[in-house]
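The following note is intended for a colleague who is meeting this structure for the first time. It should be read with the sequence and the model at hand.

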Amino acid sequence: MEKYAIYVPRLVTKKEIFAPGHRACIGCGEALAVRLVCKALGQNVIMVNATGCIEIISSQLPYTSWRVPWIHTLFENTAAVASGIEAGLKVMTKKGRRSPQDVKVVAMAGDGGTSDIGLQALSGAFERGHNFLYICFDNEAYMNTGIQRSSATPYGASTTTSPAGKISIGQVTWKKNMPAIAAAHDIPYVATACPSYPFDLMAKVAKGVATRGPAYIHILSVCPTGWRSAPDLTVRLGRLAVETGVFPLYEVEKGKYKLSFAPSQLRPVQDYLKLQGRFRHLDKDNIRIIQERVREEYSRLLEKAA
Amino acid sequence: MAKRIGIEVSLAIADAAKLADVDVVAAYPITPQTHIVEHLAELVANGELDAQYIPVESEHSAMSACLGASAVGARTFTATAGQGLELMHEVLYVASSMRLPVVMTVVNRALSAPLSVWGDHSDVMAVRDTGWIQIFVENGQEAIDNVLCAFRIAEDEKVLLPVMVHLDGFHLSHMIEPIYMPEQSEVDQFIPPYKYPLPLNPDKPVTMGAFAPPIIYSETKMAQEINLRASKKVILQCWSEFGSRFKRHYSPVESYHSEDAKVLLLTMGSFSETAMTTIDRMRKEGREVGLIKLRLWRPFPFKEIRQAVKDAEVLIVLDRALSFGGPGGPVCSEIKAALYNEDKKPKVVSFVGGLGGRDITADGFEEIINRGIEISQTGSEQEFEMFGVRE
């Protein structure tokens, strides 16, 4: 991929729907992802945001970064609020109480808001089949509250509630496979994406929002603050996550898996881990365990996509 | 002209929501609220109500979906009870704080543990301070009248606050009662079409639910408080217009034979009907007793309460909820607070009873009144007395 030096800003719309001047940390992968998501969505949209980093950096009374209608209510109910919005628009269109313009409903939350506290509401909304796109911005911990572990935190990562210590390597559980959980609801569209691959990300968002019925996109969002990485390495780390097979890019359309990017050979996970302070304490054995697990999961994904 | 029909109160409530032409119902089943939401689902399934029915996976999501629907300008209704109301708890604050005029009937139920599906007011008291307008009803007619009024009050541009209509689980929700159901045309004239002033709409983007740092949070809360207190004027206007149109009259505090009464009993909800029987009986025996019924729970009707009880010597308050380790029944402690600075006020005695569906009969109310009078004379070391508890 590095051979293709494409200058992204020249090839996407200049219009910034997620306005500059927000309060994200330097090098925030999530803010970059949101910016690209918004460019892909356009303005005919209603956004529903869970409590979390993006909510906090983009809205502070009386300011806002949102140039589209946007609502935040609570942490765990984002998919339920989106359900109500979708149902409300539907019935009011039917009753002639609003213009019949097709407005897209897009819900977004972090990994905690999605795979932990918001999972029940999300599962309910998927099962009921609401016409909406749900995007999880996964920075692999509760970053907004100060880097506490979530069920999306990877094995071996040190966080403030899974600290590496004399008798602990930090997080001792494996990352919850949220895209697989979404796909298990038999919804028409599931994808993974990363802002280090902007065109892929934007194409998936466009596809997801055009889907009739629920769509889910899981976006890996590098967090220099929580990952203890250099802010200028955000894009590189996203690429390394994909190239090592730690975070493969794929789509699940109507149950069918398809890899978006299949490197001929996976890079060693060490290339990805060594740039992040949260894995600094890991020894060779720990890294070997992670490498084996990544290989195993990747080959399972290849089988599904075969 | 409205017909008087015999109908289960829960079904009549669903029919009232239909008459109000609700756009979105998001609900999760819980006893004793089920008949309301079942009937609404049936009305939608039969094409009699043109609405989206969202069968959510929890009460937390029920109220959350109501927030979303209300925010795009849909007329939104739900119903719950007991544990369901508690699971909604944090969402209730958001509805009122974001000025989303959701209407909800709460079929009052006791709280676990031990599990009890039966009625009392524990669920209500736990959501007292959520910023909702809260109205108590004592029979089926009052229930449907106030559900209709609730939409008009909630959606008034001067109010834009959510409204709870409280009715007692089983004791009222499952009764078959004679009820005048208004005609559709009468309701259409009474409830104007809903137009939310600033809905989520791509043509005019708004940011809803931004967070507030310390420099602005107090101001938002004070504005909300002023707004809730000011809603009383609209509530009174609404009841007054309802009265002139439908000839049934409501007020924040209602009195029954209280004018010359030295001893007053205060109740909320369906138990007031039984208490009225007791008052009739005791009056016949020449006793100077009367009844005060508290209908408007929030905003609290301070002026009306002070006015209603000022000439009495004893005021006996019956609560159907406990404030563990606290100053007695929650309603009683609010009444005491409202009267504390008054020069002329009755002695106030607190009773708690009717918990978890336990009935209080007409004889029971007589016992409460007699014992209340005794306590007012002798005093009591206890903050409150539990009525009818076996020791």
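This is a predicted model: local features need pLDDT of at least 70, side-chain atom pairs count only at pLDDT 80 or more; totals for chains, interfaces and linings use all residues.

The points below take up the chain contact, the sheet, the helices, the core and the domains in turn.

1. Contact between the chains. Chain A contributes 39 residues to the contact and chain B contributes 38 residues. On the side of chain A that touches chain B, two or more residues come from each of β1 (45-49), β2 (59-60), β4 (70-72), α4 (78-94) and α6 (119-128) of chain A. Of these, α4(A) gives the most, with 13 residues. By class, this side of chain A has 21 nonpolar, 13 polar and five charged residues.

2. β4(A) and strand β9 (residues 207-208) of chain B run parallel and are joined by two bridges; here Ile71(A) stands opposite Met208(B). Strand β11 (residues 250-253) of chain A and β12(A) run antiparallel, with four bridges between them. In that pair, Leu259(A) is the bridge partner of Tyr250(A).

3. The nonpolar core. The largest nonpolar core has 216 residues, and Ile85(A), Val106(A), Val163(B) and Ile316(B) have the most contacts inside it. This core lies between domain 1 (3-246) and domain 2 (253-386) of chain B, because both give residues to it. Leaving aside residues up to four places away in sequence, Val106(A) touches several residues, among them Leu41(A), Met47(A), Phe132(A) and Val209(A).

4. The domains of chain B. The centres of domain 1 and domain 2 of chain B, taken over C-alpha atoms, are separated by 28 Å. In their contact, 26 residues of domain 1 of chain B meet 19 residues of domain 2 of chain B. The largest share of the domain 1 side, five residues, comes from α9(B). By class, that side has 11 nonpolar, 10 polar and five charged residues.

Terms used
Residues are numbered from 1 along each chain as its sequence is written. Chains are lettered from A and ligands numbered from 1 in the order in which they are written. Two residues are in contact if their C-beta atoms, placed from the backbone, lie within 7 Å. Ala, Val, Leu, Ile, Met, Phe, Trp, Tyr, Cys and Pro count as nonpolar, Asp, Glu, Lys and Arg as charged, and the others, Gly among them, as polar. Two strands pair if DSSP finds at least two bridges between them. A nonpolar core is a set of buried Ala, Val, Leu, Ile, Met, Phe, Trp, Tyr and Cys residues joined through C-beta atoms within 7 Å. A residue is buried if 20 or more other C-beta atoms lie within 10 Å of its own, exposed if 12 or fewer, and partly exposed in between; C-beta atoms are placed from the backbone. Domain bounds come from an automatic or database domain assignment.
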